[in-house]
Amino acid sequence: MSTEITGATAGVTAQSTRGAGPDRASKPRKSDRARAEARLGWWLAGPAFVVMLAVTAYPILQAVYDSLFRYRLTAPDDRAFVGLGNYGVVLGDPVFWQSLGVTTLIMIITVAIELVLGFALALVMHRAVLRLRGLLRTAILVPYGIITVVSAFAWFYAFDINSGYVNSWFSWVPGISEDLNWFAGTGTSLFVIIASEVWKTTPFISLLLLAGLAQVPGDLEEAAQVDGATWWQRMKRVVLPNMKAAIMVAVLFRALDAFRIFDNVFIMTNGANGTTVLSLLAYRTSIGRLEIGLGSAISVLLFLCVIVICFIAIKIFKVDLAGARGEK
Amino acid sequence: MRVRRRSRAIAGVSVLALGAGLAACAPADSTPVLTWYTNPDAGGQATLAQQCTEEADGAYRIEVSVLPRDASSQREQLARRLAASDSSIDLMSLDPPFIPELANAGFLAPVPDDIAEQVSQDVAEGALQGASWGDELVTVPFWANTQLLWYKKSVAEAAGLDMSQPVTWDQVMDAARDQDKTLGVQGIKAEAYTVWINALVESAGGQIVENPEAPAEDVELGLETDAGREAARIIGEIGEDGLGGPGLPTQDENASLTQFQGDNGSFMVNWPFVWPAMQGSVADGALDQSFLDDVGWAVYPQVTEGTDAAPPYGGINLGVGAFSEHVDLAYQAAACIVQPENQAAYFVTDGNPPASTVAYDDPEVQETFPMADVIRQSLEQAAPRPQTPYYNEVSQGLQETWHPPASVDPDRTPQKSTDFITAVLRGERLL
C-alpha cells in the first residue's frame, strides 16, 4: 500500500519537474503536432471522462430529481411531487443545522491540526538521511493505508469503557479515570472522532506537502543561508511562499474530505450525543428511513456545501490547482 | 451514497459477466438453489440449512448468506434489496418489529394455507402474533426470544429479596443502590434501548403506539399516560443515580453481560444467549465456576407490584421474498427448518429459544437450559414492540428523545417524544 502511494507521489513530482502540458498563453494556430497531441489527449482521457459522467453526474442529477418528491422506498405508490417542500423541511429543522455545525467544526479542527502535524512530518521526510527515508515514509504512511472502518473500530475499542485500555493507561491525566465513558458525552466523543481522523489522514496531507517541499528550489534556500538567514527566516521567507500552492491544495483536498466524514462517526457513536454529521444524516434518512426524497434533498445540500467550500477556496484563497502541479 | 450504489451496479454487471463465463465451465447442476439470508449466530442456521438440504433429497439446496450484525442494518439491507425486486432473496430471517413494514409494502410472498396451518401448531401466542400482520400469518415462526431477569444470588440474598416471587424494578434498584452495585440494562442509543422502553411501558399497562395499523399521519402514541411516565421515571432514576454504571449510555446486551460478570454486577435484564456465553467463559477459564453457581434467573421485573410484567419479545421469523423464483420450495424449506426438533436443537447449540412450545419438553433442552420453563412462562407474558409499518421511525424517535437515560424526565420526556415522533411521521421533522 505505502509503496504504491510513494510511487504515485514520485509520479506527481516527475510530472511537475517536466512542466508538461501545452502552453495555454499562445492561442494562435496550432501545429499539426499540437492538434494530434490534443486528439490523443482526448482519446486517453475520454473513457475516464465518460465513466465519471456515468458514476458522478448521473447520480447527482437523479438525486436532484428525487429530492423533489415525497418518496418512501417501501411505499412506492404514494410517491408525490412536492417541489421544494423537502428542502423546506430540511432547512427548517434544527437537526440539519446542528449536524452542519458539527461537520464544520470537525473539518476546521482536523484540517488545522493536520496542517501543522503534516508539515512537521513532511519536513522530517524531506530532510531525512537517504538511508532512512524509505523506512520513515513507510512508517508515516501506515495509518493512511489502513481502511477507515478498521481504524475507527481500533480507536473505538481502545477508548470503549468495557474493552478499552486508554482509561487505565492515562488515568494519571486529570479528567481521565476508569469511569470515563468517552462515547457518552458530546465533547469526549468528538475528541476521539477527531483524534482518529487526524491520525488516519495526516499522512495524506504530509505527502502533498512533501511534494510541495520538493518544488522549493534548493539554491534559493542556500542563498538565504549564505546571507545569514536563520532557520525560521528561511522557512517564513523562502520555503513557505514557494510552496503556497501546494499548501492550499492540501488544505482544500483535506477540507473536502473532512467535510464528508462518515465512517468514524458511524462506527463510534452512530450520531449519539449530538455527533451527527451531514453524511450520517443523509445516510440515516435515505438508507435507514428509506425516505428517498428527504434523503436526496440532504445529499444535494451536502453537495452544494462542498461546492461552496471549493468556490471559497478557489476564488477567495486563490488556490491554483494548475500551479500546484507545476503547469505554469 | 447514490454514487456508491450506481458504481456498485456497474461492478455488479461486470461480476455478472464474469460469473456467466465461470458458470459455463462448471458442471451442470439443475438443483434449485435457495438463498437464506440469516442474522449472525453461532452457526446453527447454517447447520439447519444443510440438514434440510439433505432431507430435501435434491428438491432444493439451501445456501446461507449472513446479514449485518445489528437488527436495523439487517432491515436496511433487506428492505433496499426487496425494493429493487431482488429475486435472489428466497428465505430471510426477520426480526419481528420490521415484519409489518415489509408485509405492508408487499415484499413478502403470501404463506400457502397448508404451510400456515402446519407451522402455527403449538406455537407460543406471542410468537404467532409477531409473525402476523393484520390478522394474517405473513412469516413462519422460527424462534422466539424473551428477556429474563438474571441476578447474583448473593446480592439478592443480601438485599433480602425472595426471588421465588416476582420482584419489582424499585426493589431491584434499591438493592443495587444499597449495595453500591450496578444494574445491567441497555441504555445504548440503539434498538436495544427501545426494547427496554417498550417493556417498561407495556409492563405498566400502556402501549407506545395506540393504533399500530394506522397510516403514518394518523398514528397516535400512548406515551403521555401514567404508563409512559412511570417508564420514564424508572429509566431517569437509573440514569441519574448512576445505577447502570458509567457505561450505561453506551451499554448494549453484550456490554451488560460483561458488566454483570464483573464484581459490581447485581441484576441484569437480558436475553437467554447470556447463559451459554457465561458457561463458555467458565469453560475458557475466564470466570470461576463459583460465579456460575451464584447466577439465578427469574421472570422480568414488574413495574407495578402485583401486575405481571410484560417482558420483551424478540426472535426471528422466516419470511419468503415476494420476488423469489422458488416461492413454493422456499416455503417447503421454511417448514423443514422450523420443525420442533430443529428448534430444540437450535436452542441447545445457539441459545435461541424455540417458538414452538413442544420444543421445550425436549430432554436435552431441559438439561442445557435449566431456565427453559421460566423462558416459556416469560414468552406467554411477553409483549411485542409496536407492530406498525413505521416502526423504524417510532423506535429511532424514541431513542432520539430518551437518550441518554440520565436525561429522561417523567414530566417532559413522554410529551417531547410524542411531539417529535408525530412530527417525524407527518414528514415535518428530520430524524
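Trainee: Let's start where the chains meet. How many residues does the contact take from chain A and from chain B?

Mentor: This is a predicted model: local features need pLDDT of at least 70, side-chain atom pairs count only at pLDDT 80 or more, and totals for chains, interfaces and linings use all residues. Residues are numbered from 1 along each chain as its sequence is written, while chains are lettered from A and ligands numbered from 1 in the order in which they are written. Two residues are in contact if their C-beta atoms, placed from the backbone, lie within 7 Å. On that basis chain A contributes 34 residues and chain B contributes 28 residues.

Trainee: Which element gives the most to the side of chain A that touches chain B?

Mentor: Elements here are DSSP runs numbered from the N terminus, helices being H or I of at least four residues and strands E of at least two. Those giving two or more residues to this side are α2 (32-66), α3 (85-91), α4 (94-127) and α13 (278-288) of chain A. The most, 8 residues, comes from α13(A).

Trainee: And by class, how many nonpolar residues does that side have?

Mentor: Ala, Val, Leu, Ile, Met, Phe, Trp, Tyr, Cys and Pro count as nonpolar, Asp, Glu, Lys and Arg as charged, and the others, Gly among them, as polar. The side of chain A that touches chain B has 5 charged and 10 polar residues, and its nonpolar residues number 19.

Trainee: Over to chain B. Which are the edge strands of the open sheet of 4 strands?

Mentor: Two strands pair if DSSP finds at least two bridges between them. The sheet has mixed pairing and the order β8-β9-β7-β10 (chain B). Pairing on one side only are β8 (182-184) and β10 (295-299) of chain B.

Trainee: In β9(B), what is the bridge partner of B:Leu183?

Mentor: β8(B) pairs in the parallel sense with β9 (residues 265-270) of chain B, over 3 bridges. Within β9(B), B:Leu183 has as its bridge partner B:Phe267.

Trainee: What angle does the direction of helix α17 of chain B make with that of β10(B)?

Mentor: Axes are lines fitted to C-alpha atoms, for helices over the stretch in contact, and angles run from 0 to 180 degrees between N-to-C directions. Helix α11 (residues 253-261) of chain B packs on the sheet against β7 (148-152), β8 and β9 of chain B, at about 155° to β9(B). Helix α17 (residues 372-381) of chain B also packs on the sheet, touching β7 and β10 of chain B, and its angle with β10(B) is about 30°.

Trainee: In β11(B), which residue is the bridge partner of B:Ser93?

Mentor: β3(B) pairs in the antiparallel sense with β11 (residues 313-320) of chain B, over 4 bridges. Within β11(B), B:Ser93 is partnered by B:Leu318.

Trainee: Finally, what share of the 431 residues in chain B is buried?

Mentor: Chain B has 19 helices and 11 strands. Its C-alpha trace spans about 70 × 55 × 40 Å along the principal axes. Of the 431 residues in chain B, the buried share is 51%.

Definitions and conventions
Buried ≥ 20, exposed ≤ 12 C-beta atoms within 10 Å, placed from the backbone.
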